[in-house]
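Hi everyone, thanks for making time this morning. Have a look at the structure on the screen, and then I'll walk you through a few spots in it.

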Amino acid sequence: MVVLVSGGMGYIGSHTTVELLNQGYEVIIVDDLSNSKDVVLDKIEIITGKLPKFYKMNILNEEDLETVFKENKIDAVIHFAAFKAVGESVSMPIEYYHNNLTTTLVMLKLMKKYSVKNFVFSSSATVYGEAKTMPVEEEAPLSTTNPYGATKLMIEDILRDVYKANKDMNIAILRYFNPVGAHKSGTIGENPSGIPNNLMPYITKVAIGELKVLSVFGNDYNTVDGTGVRDYIHVVDLAKGHIKALEKLSTNSGLVTYNLGTGNGYSVLELVKAFSKASGREISYKIVDRRPGDVGTCYADPKKANNELGWIAEKSIEEICEDSWRWQSNNPKGYN
Ligand code: UFG
C-alpha cells in the first residue's frame with residue numbers, strides 16, 4: 001500500500017513515516033522543508049533501513065503536487081503539512097488561513113481527480129475550545145479561540161461536507177492532544193526553530209542550558225497544583241494511531257473521528273518533576289502570568305479509539321521524559 005505523507009519530514013510526520021515503513025507500507029513524502037531539514041530523510045533511513053521517496057515542494061502549488069499523483073499510484077494520504085504555532089497564527093491570520101486551508105483543498109481536489117479515496121487528517125484537541133467536561137469526548141461541542149485552531153475546525157467541517165458529497169471516501173479525523181517524546185534511538189525528535197512555544201521542548205532546552213529558566217504560565221488554575229494540566233502523548237504512540245486509522249479506513253469506514261490521547265492529565269510542575277528525574281538535571285522555573293488563550297485543564301477520553309481502532313497509548317510519562325532527554329542530549333543543536 002502506497003501512502004502519501006504531506007509534512008513527512010516534520011516532527012509527527014517523520015515518526016509516522018518510520019512506523020509506516022516498519023509496517024511494510026511504501027511511503028512518499030512531500031514537504032517544503034519550511035519547518036524541517038533534509039537530513040531527516042537520512043535519519044529515517046538509518047532507523048528503518050528504507051529510504052522513502054521524497055519530493056521537496058510546497059503543496060500550495062497544485063501543478064507541482066499533481067506531478068506526484070501522476071508519477072505514483074497512491075492508495076492513501078496522511079496530511080500533516082500545516083502551520084502550527086498558536087501565537088503566530090494570531091499575528092498572521094491571513095497566512096494561516098491561506099496555507100492550512102488551501103493546501104488541504106489542493107490535496108482533496110487532486111485526490112478526487114486521481115480517485116484516491118483514503119484520507120487521514122491531523123486535527124487537534126484545540127477544536128474543543130474551552131471544553132466544559134473532562135475527559136473530553138469526540139461528541140463534545142466544538143469551538144476555537146485562535147486562527148490556528150479555526151483552521152483545524154474549518155478543515156474538519158470541509159471534510160464532513162466532502163464526505164456528504166462523496167460517500168465512497170474514507171476519512172479519518174485524528175484529534176491529537178499534546179505530542180511529546182522522541183524516537184527511542186535518539187535519532188529523530190522535535191526540532192523547533194527559535195524559542196519553543198510548547199512546554200516539553202522548552203524544558204529540554206533549559207536542561208541542556210540553552211535557555212535559562214522556564215516560565216510557568218499561571219499557578220492559579222483549578223488543578224492539582226494550580227498549573228495547567230494536559231494530556232501528554234508519546235509521539236510514537238501517536239504515530240501508531242495513524243497506522244490503526246489507515247487499517248480502519250481499509251474496511252470502508254466512511255468518515256470517522258478519534259481522540260488520540262492517553263486519558264491522563266499531568267500538570268506543568270508534574271511534568272517538570274518527571275523530566276528532572278529522567279534527566280538528572282534541575283529545571284529552573286518561575287511562575288508568571290497565565291498565557292492568554294490557555295485553558296486550565298485538557299485531557300482526552302480515548303475510549304473510542306481504544307475500542308474501534310484497537311489502539312492505546314502505551315508509553316508512560318517516565319518513558320516520554322527519557323526519550324525527550326535522549327533526543328535533546330544527543331542532538332543539542334537539533335538537526336542544525
Ligand atoms: N506552558 C508553560 N510554559 C511554557 C509553555 C507552556 O507553563 O513555556 C504550559 C501551558 O500554559 C500549558 C502547558 O504548559 O498549561 C502546555 O502548553 P503547550 O504550549 O505545550 O501546549 P498547549 O496545550 O497550549 O497546545 C497544544 C498544541 C496546540 C494545540 C493544543 C490543543 O501546541 O497546537 O495543544 O490542545 F492546539
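**A walk through the model**

Let's start in the loop between strand E5 (118–124) and helix H6 (147–165), where Pro135 lies. Helices and strands here are DSSP runs, H or I of at least four residues for helices and E of at least two for strands, numbered from the N terminus. Which kind of peptide bond joins Met134 and Pro135, cis or trans? The bond is cis, with omega at about -5°.

A quick word on the ground rules: this is a predicted model, so local features need pLDDT of at least 70, side-chain atom pairs count only at pLDDT 80 or more, and totals for chains, interfaces and linings use all residues. Residues are numbered from 1 along each chain as its sequence is written, and side-chain values use heavy atoms, with hydrogens and water left out.

Staying with the backbone, most residues other than glycine have a negative phi, and most peptide bonds are trans. Ser115 is not a glycine, yet its phi is positive, about 55°. You'll find Ser115 in the loop between helix H5 (93–113) and E5. Ser115 counts as partly exposed, because its relative accessibility is 47%; the scale is buried under 20% relative accessible area, exposed over 50% and partly exposed in between, using a 1.4 Å probe and protein chains only. Asn252 also has a positive phi, near 60°, and sits in the loop between H8 and strand E11 (255–260). With a relative accessible area of 61%, Asn252 is exposed.

Now to the inside. A nonpolar core is a set of buried Ala, Val, Leu, Ile, Met, Phe, Trp, Tyr and Cys residues joined through side-chain atoms within 4.5 Å. Which members of the largest core touch the most others? They are Leu20, Leu174 and Leu246, out of 41 residues. Helix H8 (residues 235–249) gives the largest share of this core, seven residues. There is also a second, separate core of 28 residues, and Val2, Ile28, Val77 and Ile155 are among them. Back to Leu174: leaving aside residues up to four places away in sequence, its contacts (heavy atoms within 4.5 Å) include Val120, Phe121, Gly241, Ala245 and Leu260.

On to the strands. Two strands pair if DSSP finds at least two bridges between them. Strand E2 (residues 26–31) runs parallel to strand E3 (residues 53–56), paired over four bridges, and Ile29 stands opposite Phe54 in E3. Between E2 and E3 the chain passes through helix H2 (residues 39–48), a right-handed β-α-β crossover: with the strands pointing away from the viewer, the path from the first strand over the helix to the second runs clockwise.

Elsewhere, three strands make an open sheet of mixed pairing, in the order E12-E9-E14. Its edge strands, each pairing on one side only, are strand E12 (266–267) and strand E14 (297–298). Strand E9 (residues 229–230) pairs with E14 in the parallel sense over two bridges, and Arg230 has Cys298 as its bridge partner in E14.

That's the tour, so over to you for comments.
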